[in-house]
Amino acid sequence: MGRDFTPDVGHGVQSLSLTASDVLAGLTQQGQTDSADYGFTVDYRNGALDCRNDFHLNYATGVRCSTPNPVNCHRLTVTANSFDWLVIDQDNDSRATFKSVASVTVDGSTITNVFTVEPVRGPGVYLVIGVSGVVDQ
């Protein structure tokens with residue numbers, strides 16, 4: 001049985017942090033100041049995911065990227081193509097987790113992957129993003 005939720009909307013610019021399991025071109029050290037720009041609207045309405053749901057993330061690293069001597073220049077974009085499910089839980093509905101299929105582009109090469117996003121509200125706001133399982137190449 002589904003519940004109706006008001007749209008979970010997020011947008012922001014955040015620095016990414018490095019953990020032992022991270023594998024992301026350009027994310028090379030703790031304390032790196034490159035930031036990710038993201039935006040999403042995820043809504044569960046009348047027992048189904050809203051067809052207007054969207055998610056986009058853009059992450060770029062490096063300096064002097066448009067010069068003959070670029071340093072650590074990489075770009076990642078994730079754009080949702082469809083949504084599979086949404087779960088909203090924890091105190092005051094402070095965490096949402098959604099699964100989607102997305103176009104994932106790393107340094108100009110694009111594949112379609114399954115991904116999950118877990119936005120969490122609390123003291124501060126953070127995103128946990130997982131990209132895995134190639135769907136189509």
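Let's start with C51. In this predicted model, C51 is exposed, with a relative accessible area of 77%. The cut-off for exposed is over 50%, so C51 counts as exposed at 77%.

Now, the disulfide. What is a disulfide? A disulfide is a covalent bond between the sulfur atoms of two cysteines. How many disulfides does a search of the whole structure find? The search finds one. Which residue does the disulfide join to C65? The partner is C73, and the S to S distance is 2.1 Å.

Next, handedness. Look along the S-S bond of C65 and C73. The torsion there is about -95 degrees, so this disulfide is left-handed.

How accessible are the two ends? C65 has a relative accessible area of 40%, which makes C65 partly exposed. C73 is partly exposed as well, at 27%. Partly exposed sits between the buried cut-off, under 20%, and the exposed cut-off, over 50%.

On to the strands. Take strand β5, residues 54–63. Strand β2 covers residues 35–42. β2 and β5 run antiparallel, and six bridges join them. A36 stands opposite Y59 in β5.

β5 has another partner to look at. That is strand β6, residues 71–89. β5 and β6 pair in the antiparallel sense too, over seven bridges. Which residue in β6 does A60 stand opposite? Find R75 in β6; A60 stands opposite R75.

To recap: one disulfide, from C65 to C73. β5 pairs with β2 and with β6. And C51 is exposed. Thanks.

Definitions and conventions. Residues numbered from 1 in each chain as written. Predicted model: local features only at pLDDT ≥ 70, side-chain atom pairs only at ≥ 80, totals over all residues. Heavy atoms only, no water. Disulfide = S-S within 2.5 Å. Buried < 20%, exposed > 50% of the residue type's maximum accessible area, 1.4 Å probe, protein only. Pairing = 2+ DSSP bridges. Helix = DSSP H or I, 4+ residues; strand = E, 2+ residues; numbered from the N terminus.
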